[in-house]
Structure formats: C-alpha cells, structure tokens
Amino acid sequence: MSATSRVFPGSRVVHPIEQESFRRLRARLDTSHFPPLTRAVVERVIHSAADLEYASDLVTDEDVLIRAHAALHAGAPVVVDVEMVAAGITRRATVCRLKDAESGPGLTRSAHAVRLAYEQVGPGALWVIGCAPTALEELLRLDAGPALVIGLPVGFVGAAESKAALRESGLPAVSNVSEKGGSAVAAAALNALLYHPVPGADQASRSTRADRSAKTDRAGTTQPTAEAVPAAKETS
C-alpha cells in the first residue's frame, strides 16, 4: 500500500490520485459550510463530473441523508434504473430489472423495470435513477415507501420536470434543479453514503482488532499487545 494512501471504513483504499483530486476541488470550492453527509454527497458528485456548479444545483437535506445512510448500512436494498448506474456503485449489490422489462402503450421499458423492481424489493429501498426520467416518473406513481430516491436523470426532455416532481412529492430525495445529471453522478451520490463512516464503527473496529491482538502465553497468561492497551483506555 502506498504510504500516502488512506483506508476508509471497510478497508477501502483511496488512491493518491483521488486524494489529489479532492484537494484541488476543495482549493477551488469551499465546501466546509455543508453538514457532513451533504458535503460528502456534493463533493463526490462534483468529483465525478468535474462540475463545480453542482454545489448550487443539488437539492437535499442533511436529516434525510442521515436516515438514508442508516438504512443503507443496515442493509436496505439498492435499486438502479440502468446498468451504467449499477456499474458505478462500488462495494454494494444492486437491483436492475431493465433487461426483464418490456415497453407497451404508454409505458417505457424503464418505467416497467421500476415496477418489476418494486415487486421484488418492496418498500424501504434506496432508488438511484441517473438515466431515464420515465423511471423516476413511474416511481413517483408507486406507493414505494423509499428510504431515499437519488433522482438525477439527464436530458432535455422530462429530466428537469421529473426532478421537480420528485421534490414536490415530499419523498426523501437527492435531486438537482437543472437538466444535467446522469449515471455517473447518480452513482457518485450513492457511493458518498456508502463511503461515509458509520457512527461508532471506527471505535468498534479498533476494539475488535485489540481483542484479536491479545496473545496468550504458554502458561495461559494474557499478554496484551501495544494496540490493545490504548483501546482499553479509550473504552474505559
């Protein structure tokens, strides 16, 4: 591992190029006023598109993100509208039913895929829509009870309107005002929640490592390692 690499919870190693990219982003845009999860989402979306305008274009709420973050890390399913979004989401399996869907009168394949996915996962899922406005429109017609809707479809026809409808729906959401969006930025918003530390997880991980590092000598005496001693102090 490079000496300059960082390890995220879950042993995600951050390449130095990514670190430098975020350093340059923060040098050009002050994101320090955003609350933690909002900042994580904004920065990763900007990073994915090299587009600083997302800082003012994205619409979300920290309390919504806190609840969605908890649901995600508790194992809530993640549904995507297209395989390109799925390909961008790392470290988590996703549901995409587009290959199984069929178009019909007044129904696009993307909309049908949303119906199929909801039949599979039920309420409480995180939905990540980065391509098809009709997928987002169909989701809004369902009583899906989502934990979060990341609605960032792109296009000149229906994209901005579907995102405005998402905001008007009152559902927990991440969206943006303009016509831009796409698979990469939608996946980035979900990844931001995946990568963000779970409260207390770092301490629990240190305690587990300390327990494992305690050595028992041949006489049966436990000899704590140097790592175990500080961990015991921290939890006292």
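Leaving aside its neighbours within four places in sequence, which residues is Cys96 in contact with? They are Val80, Asp81, Val82 and Glu83, where contact means heavy atoms within 4.5 Å.

Before going further, a word on what you're looking at: this is a predicted model, in which local features need pLDDT of at least 70 and side-chain atom pairs count only at pLDDT 80 or more, while totals for chains, interfaces and linings use all residues. Residues are numbered from 1 along each chain as its sequence is written, and side-chain values use heavy atoms, with hydrogens and water left out.

Back to Cys96. You'll find it in the loop between α5 (83-88) and α6 (109-121); helices here are DSSP runs of H or I with at least four residues, numbered from the N terminus. Glu83 sits 13 residues away along the chain, yet the C-alpha atoms of Cys96 and Glu83 are separated by 6.7 Å.

What about disulfides? Searching the whole structure turns up zero of them, a disulfide being a pair of cysteine sulfur atoms within 2.5 Å. In general terms, that is a covalent bond between the sulfur atoms of two cysteines.

Now for the inside of the model. A nonpolar core is a set of buried Ala, Val, Leu, Ile, Met, Phe, Trp, Tyr and Cys residues joined through side-chain atoms within 4.5 Å. The largest one has 45 residues, and Ile89, Val128, Ile150 and Leu190 have the most contacts inside it. Helix α9 (residues 183-195) supplies the largest share of this core, at 10 residues. Not counting residues up to four places away in sequence, Ile89 touches several partners, among them Val78, Val128 and Leu190. There's also a second, separate core of 16 residues, including Val95, Val121, Leu139 and Val149.

Finally, take a peek at Arg44 in helix α2 (residues 36-49). Is Arg44 buried or exposed? Arg44 counts as buried, because its relative accessibility is 11%. Its side chain is joined to that of Glu18 by a polar contact of 2.9 Å. (A polar contact is a pair of N or O atoms within 3.5 Å; within protein, one must be able to donate a hydrogen and the other to accept it, and residues adjacent in sequence count only if both atoms are side-chain atoms.)

Note on methods. Buried < 20%, exposed > 50% of the residue type's maximum accessible area, 1.4 Å probe, protein only. Helix = DSSP H or I, 4+ residues; strand = E, 2+ residues; numbered from the N terminus.
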